[in-house]
Amino acid sequence: IKGEPQFPLQYGSDIVFPLHADFEPNMLEAVYWHNTFKSKRIQFVPFKKKLSHNFKGMIKSDVRQFDIAPSIEMYREIFLMDLDTGVLVVPADRGVLKTSRLRETFKMSRRPFLLSRLGHPYRGIVISLNGPNPAQVLESGIEMVQLINASRGKDEPKITYQTLYVTLPKEMRGNDEELQRRHRHEVIKDYEGIYRETIDYVELEGNPVRETLNFLDPREYELLILSMNPEQPISVFKPNVPYLIAKTSHLSTLVIPEVID
């Protein structure tokens, strides 16, 4: 498990980016990911008749390895294509389009996706363990920290990471919640043994969405990483915690589905 960091090659070879005139600013974050992590190329997916005149120049100047996929008309078509997706970069703008695109991505994606909010270059990483697979998200986060630090010059400061888990207050915890909490402690202990370092682990009590957002509020130019279960419904009656955190956070957010095809 402790080898040369490969993220995101364990999921797929490409950074996938939808080419749409409205997404032009987010292309810079997609290029940053391609240059910093282990992807083989950027796979551009153009929207029919909705391209920016600047894309051609940006691609020539910033991207060495890329390919152009067949064009699409609607965003959801991207999940029906035969792509070797390591990370899908999803521009996270505001308004109704943002909400519908985010919901579609949570429901349909089986590969990691980045909600791009132009938060790069990252000064730190926060790994939320309020998701279904804390070991998977922690391993990916540690690899990403290593790759970011390896890409930096000798005089540039190295970034660090924090892990965060929000549990219910003690008097409100049932057996399942207590087992979840203990499992997180065991995962942290295991990875401390693997990497022979102390992991900065923060445990808070309260509403997991509210407390996580409060924890993130003063941070700028950091990356949030969390995991989600793509089979979990998005419902007002049973809150989907990873979805609500990802939707509301002001940070660029990497979401890793628990199940990978």
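Pockets and cavities were located on a 1 Å grid over the protein atoms alone: a cavity is a set of points where a 1.4 Å probe fits but cannot get out, a pocket is an open set with protein on both sides within 12 Å along at least five of seven lines, and lining residues have an atom within 4 Å of a point. Grid points are joined across faces, edges and corners, and a volume is the space filled by probe spheres set on the points.

Residues are numbered from 1 along each chain as its sequence is written, and side-chain values use heavy atoms, with hydrogens and water left out. Because the model is predicted, local features need pLDDT of at least 70 and side-chain atom pairs count only at pLDDT 80 or more, whereas totals for chains, interfaces and linings use all residues.

The second largest pocket has a volume of about 250 Å³. Its lining consists of 12 residues, with Ile78, Phe79, Met81, Thr85 and Arg111 nearest the centre; the lining divides into 6 nonpolar, 2 polar and 4 charged residues.

Across the whole structure, 1 cavity of 30 Å³ or more was found. The largest cavity, with a volume of about 50 Å³, is lined by Val90, Pro91, Ala92, Lys98, Arg101, Leu102, Leu115 and Arg117. At least two of the lining residues come from each of strand E4 (85-91) and helix H3 (96-108), and H3 gives the most, with 3 residues. In this lining, 5 residues are nonpolar, none is polar and 3 are charged.

Arg117, part of the cavity lining, is joined to Thr253 by a polar contact of 3.3 Å between their side chains. A polar contact is a pair of N or O atoms within 3.5 Å; within protein, one must be able to donate a hydrogen and the other to accept it, and residues adjacent in sequence count only if both atoms are side-chain atoms. Thr253 belongs to strand E10 (residues 252-257) and counts as buried because its relative accessibility is 0%. Buried means under 20% relative accessible area, exposed over 50%, and partly exposed in between (1.4 Å probe, protein chains only). Beyond four places in sequence, the residues in contact with Thr253 (heavy atoms within 4.5 Å) include Leu115, Arg117 and Ala246.

Ala246 is one of the buried residues of helix H7 (residues 241-248), together with Val241, Pro242, Tyr243 and Ile245. At the start of H7, a side-chain oxygen of Asn240 lies within 3.2 Å of the backbone nitrogen of Tyr243. Helices (H or I, at least four residues) and strands (E, at least two) are DSSP runs, numbered from the N terminus.

Arg173 is located in the loop between E7 and H5 and, at 16% relative accessibility, counts as buried. Its side chain forms a polar contact of 2.9 Å with that of Glu205.

Conventions. Ala, Val, Leu, Ile, Met, Phe, Trp, Tyr, Cys and Pro count as nonpolar, Asp, Glu, Lys and Arg as charged, and the others, Gly among them, as polar.
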